Amino acid sequence: MNTVKAIYPGSFDPVTNGHLDLIARGAKIFDHVVVAILKNATKNPLFTVEERVEMLTEAVTGFDNVSIATFDGLLVDFARQQQAQAVLRGIRAISDYEYELQMAHMNRRLARELETIFLMPDARYSFVSSRLVKEVFELGGSVEGLVPPFVIRRLKVRVADHNGSHEAASSTSNP
Ligand SMILES: Nc1ncnc2c1ncn2[C@@H]1O[C@H](COP(=O)(O)OP(=O)(O)O)[C@@H](O)[C@H]1O
Ligand SMILES: [Mg+2]
């Protein structure tokens with residue numbers, strides 16, 4: 001049987017309802033979707049790869065054709081290793097387009113057999129990014145409805161840890 005597998009790569013730091021919207025759409029189209037967390041991110045992540053795997057695993061329990069993986073190195077190498085035919089990426093707004101187009105062309109050059117498929121999330125998630133969720137949460141704003149509830153719980157713990165260490169640091173410098 002001819003099955004089509006797609007890789008959905010990203011940082012997922014943390015997973016948002018926008019990511020989940022895209023995963024749900026991908027799961028309808030493809031026989032299998034592998035959500036793949038990039039390990040060697042140069043970005044300074046809030047959550048470890050293990051924590052991101054745990055959150056994503058919890059987030060996709062309702063899908064029987066979605067799995068979670070991690071990778072480093074070239075996406076095209078991982079896709080070949082997984083015998084995937086497609087890469088799934090999200091386009092929220094025109095601002096995503098330029099970078100995504102560059103990546104898609106580079107990946108096509110590296111692996112001609114691999115197709116990049118872009119999907120757009122529901123409009124209510126078109127402004128949601130992991131970065132903005134973290135910023136708003138750290139400043140005390142509500143991110144309810146933008147990420148799953150267990151992500152909010154993890155954000156609370158992580159941000160409390162951070163504030164605790166800041167207080168500890170400032171109390172030693174200013175007794
Ligand atoms: N709210 C959202 N709706 C739809 N797609 C999204 C959303 N947020 C991120 N994406 C898409 O998910 C993919 C992974 O995003 P992200 O976790 O930020 O990793 P990356 O570091 O690759 O940008 C990208 O294609 C991004 O455009
Ligand atoms: Mg991003």
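A residue is taken as buried when its relative accessible area is under 20%, as exposed when it is over 50%, and as partly exposed in between. In this predicted model, Arg-92 has a relative accessibility of 38% and therefore counts as partly exposed. The side chain of Arg-92 meets that of Asp-96 in a salt bridge, with N and O 2.8 Å apart, and Asp-96, at a relative accessible area of 12%, is buried.

Asp-96 belongs to helix H4, in which Glu-100, Ala-104 and Asn-107 are buried as well. The buried residues of H4 pack against helix H3 (75–81) and against the strands S4 (86–90) and S5 (115–119). Helix H4 comprises 17 residues (94–110), which at 1.5 Å a residue should span 24 Å, and the distance of 25 Å between its end C-alpha atoms agrees with this expectation.

Side chains of opposite charge can pair when their charged atoms come close, and the structure holds 11 salt bridges. Among them is the pair of Asp-13 and Lys-134, for which the N to O distance is 2.9 Å. This pair links distant parts of the chain, since Asp-13 lies in the loop between strand S1 (5–10) and helix H1 (17–29), whereas Lys-134 lies in helix H5 (residues 130–138), 121 residues apart. Both Asp-13 and Lys-134 are buried, and together with Arg-52 they are linked in a network of salt bridges.

A further salt bridge joins Glu-51 to Arg-158, with the closest N and O atoms 2.6 Å apart. Because Glu-51 lies in helix H2 (residues 49–59) and Arg-158 in helix H6 (residues 149–173), the pair ties together parts that are 107 residues apart in sequence. Glu-51 and Arg-158 are both buried.

Technical notes. Residues numbered from 1 in each chain as written. Chains lettered and ligands numbered in written order. Predicted model: local features only at pLDDT ≥ 70, side-chain atom pairs only at ≥ 80, totals over all residues. Heavy atoms only, no water. Helix = DSSP H or I, 4+ residues; strand = E, 2+ residues; numbered from the N terminus. Expected span 1.5 Å × (residues − 1). Buried < 20%, exposed > 50% of the residue type's maximum accessible area, 1.4 Å probe, protein only. Contact = heavy atoms within 4.5 Å. Salt bridge = Lys/Arg side-chain N within 4 Å of Asp/Glu carboxyl O.
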